Amino acid sequence: MSLLIRDFNLLKRLRQRAQQEKLSVEQLLEKWLESGLTQPQPIVAEEPLSYRPLFEHSNDAVFALELNGKVIDLNQRVGEIFGYSRDELVALSYPGLVVPEQRDLCEAVFQQLIDGEHVPLFERTFQRKDGSLVQGEVNIAAVNDEQGNPRYILAVIRDITERKRVAQELEEQRLFIQNIFDTNPNVLYVHNIEHQQTVIINHRIPSAIGYSDQEVAEMGESILARLAHPDDLPRIADHFARLRDAADEEIFDLEYRMRHRDGSWRWFYSRDTPFKRTADGRVQEIIGTAVDITELRRAQEALRDSEARLSGVIASAMDAIITIDEAQQVILFNAAAEHMFGYSATEMIGHKLDRVIPQRFRAAHNAHIRHFGVTGITNRKMGHLDPLWGLRRDGHEFPIEASISQVNTGDRAIYTVILRDITARLRSENALRESEQRLRQFIRHSPAAIALLDTDMKYLSTSQRWTQDYRLGESDLTGRSHYEVFPETPQRLKETYQRCLKGATEKSDADPFLRADGTLDWVRWEIQPWHNNDGEIGGIIIFSEVITERVQAQKALLESEERYRAVVEDAPLLLTRFRQDGEIMFVNQAYCDFFKMTSDELIGKNFLDLLPEGERNRVWENIAGLTIESPVQTHEHQAMNPNGELCWQRWTNHALFDSQGSLVAYQSIGEDITEYKAAQQLALDFERIKATFQNEQEKNVLIQRIISALSHDMRTPLTVISMSRDILERYADQLSEQNRQTHLAKIKNQLNFAIQLLEDTVQMARGNLINQEFRPLPVNLPILCTVSIEEISTTYGKGHQMQFVNKGNIEVAVVDETLLSRILMNLLTNAIKYTPNTEKGILLELDRLQNWIVLRVIDHGIGISPDTQQHIFDPFFRADDVRHIQGSGLGLSIVKDCVDRHQGQIAVHSEIGKGTVFTVQIPLIEGGGVSQ
């Protein structure tokens, strides 16, 4: 019988024990057997340096959670932040800390982690036990087992509500794993490996497997076969087979499982050695000891989980964590420290910490560490009053805040420092102080009367205008009570102040203020609460303005309104005021005269009923669109005078609002513009006739230019044809066959040129004069391009290599086939004409650019100069350097006209001596259901 656990090197420990008792290993074993004592418990190897203190003393709250959010483990910082005890937090799941409206997000985050996804840093709002809120920055990750499956979730929460760290002492280090091996009993047995029978077993076995002595006796020699785990039996058999040939004192160990009386499986660890041999020298019986290591197994698993959790804390911590030994050499340097200082962990481990401390602080730092180690204090906050300074790899110094702890491992002290870069925080604090100073300066020098008071109605700051308006002189009111400064404050205002201190905002547009000297002023004021950094009401701010002069002016205005009513009545313009539904409230005499009605007949009537029915909706839409931001609008409409005649009126409409911004009424002023509209129509008719005349003139000029150009350009081909014809008529019988063919070819070429010239001229005339109809239809573009190349190659391009490529894989598109053919024929003809070297090819590309058809004609001819390029699309334009090449100067103008009719674009890129690329872009409208 044997026991399953890791090899603890029992032989080595037995030798150490024998040396202590000044015995040999054999003597110690004999003494042990003779005395009937159990084997000493396994000696647990010294626990490696634990990261638990970092976990417990982190400035952030750290949770270890099950995959459903239930708390497995947590650090003390969690309780400090959320106000719960540790037991309460263990009973409360992580989502229970999140405010109700964000709890649904927790399940989504957990599912992401279970699916193996990375969850970036995020923020959540948490609720303390006392109901107050905490804004937390959360770094959460899954910790996987050896197979890569999520085992539990590690969450690090930073309290970002107050933006400063709260000093705290790290708790004393406590052991994570208890020594469970010293209290476990050992089992002594003799086993016959030849017959697979247990010969002797001591009384420790019943307590180990939960059976009584009688039940163990009844199982007898078959106890191992009955209780060993089936999966472990092959290894047990192999273990015994190896023992058959073992040498004396040779020890074999084994780990396996036994079924406890309660049905659970218990792990045992056995150490076996030969005890009795057969006549031929083979081992027959073995003697061994076994110890229950189930708890040890569980402890080791917990230790692995703890180390994994704490390693996860260090790896995912947002603060830099550095561990050094007594010589101040770095033995741990986490990822946040790498990011903070610019060094990798490989570069820092084994080196002095001085590397990341500015030179002027190193001596003081070393002395502090030595003093810290001597005092025996295990936790100390650094930088509590003034920030410390760190040194980056690039030489930049920056402020930091640090916590330091020490752990004594027995033979040496280990110091761990948690660092936080507070550059941004100090910058924010400075900015806040500057902002507060600017706010006070703003209030002080504001042109408005402003007073900032606390919850006790004591002044924090006032503007100069405040002291001026209320005749308070130059005295500083800071710290004085508002009621001391204004003892005459009425009870209604005191009640208003109290309501605003509870969160209300109140205002008055005109409030009487009786001064101490008995004078009466009118004040417009607004009072609202202001909040401190915690979101609590810190007091009230009062904005006020003495409007006595304005109130008096309004009173005077009302008095003057009666004086000016007579002026309105006598005005020649039509004036009316009406309600929001169009009901007339007031009309002047001119309005009555126009409609030949009295004011009594008009008041109460809807003004829209006086308009022609077709104008009513448009007029009302214009008026209804008036707002407080745009209260005035002018429009014109037709009206019907009492004689039944249509006339035109221009009205200026004004929306009237009260002091609260509510619409009160509309006021309109109108005038008769019938004669003005008649004159305006005459002017429009004149401009239309003038434009028509100018267009006809331009057409006549174009016709004259076409006739002149045609007359000029036709002389050359007709002259050549005439001369060749005369030669053939007179000297045909004297010419050789080759000469006759030469003259016939000249006649043919000149006829082709003349025909092309006539076609171009006709096309130009049609395009500009008769506005040729644009007829887009589905066209197979590759076929059209192929046919165009064949026609041009047969007619003009003998000797030139012409190629077509459909780069955009376009098939059927909607275009005007006639116009597109003209584009291709002219561009390809020009490419041949201006490429004298027939060995250089000409390429036609059909391409697609988003929603455009792109046609490119590429040649390697003589090229076009930059000065010439800006005129090539002008009708009849021909460059000086190509006048020796036949052409009408109309081809590219026709191409441009055809492209424009497709609402497309044409561009040219050319270099002298290298060639030219014409690019045509036409909107792409694909097949439209037509079969390709």
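Let's start with aromatic pairs: this predicted model holds 19 of them. Rings of Phe, Tyr and Trp (its six-membered ring) pair if their centres lie within 6.5 Å; planes under 30 degrees apart count as stacked, over 60 as edge-to-face and the rest as tilted.

Take F82 and F126, an edge-to-face pair with 5.5 Å centre to centre and 70 degrees between the planes. F82 sits in helix 4 (residues 76-82) and F126 in strand 3 (residues 122-127), so the pair links distant parts of the chain, 44 residues apart. Helices (H or I, at least four residues) and strands (E, at least two) are DSSP runs, numbered from the N terminus. F82 is buried at 0% relative accessible area, and F126 is buried at 0% too. Here buried means under 20% relative accessible area, exposed over 50%, partly exposed in between (1.4 Å probe, protein chains only). Ring pairs also link F63, F82, Y94, F110 and F126 into a cluster.

Now for a tilted pair: F607 and W620, 6.4 Å centre to centre, with 45 degrees between the planes. F607 is buried at 8%, while W620 is partly exposed at 25%.

What lies over the face of F398? That's R392, at 3.8 Å from the ring centre. The charged end of K677 sits over the ring of W648, 4.4 Å from its centre. The rule is NZ of Lys or CZ of Arg within 6 Å of the ring centre and within 35 degrees of the ring normal.

A quick note on conventions: residues are numbered from 1 along each chain as its sequence is written, and side-chain values use heavy atoms, leaving out hydrogens and water. In this predicted model, local features need pLDDT of at least 70, side-chain atom pairs count only at pLDDT 80 or more, and totals for chains, interfaces and linings use all residues.
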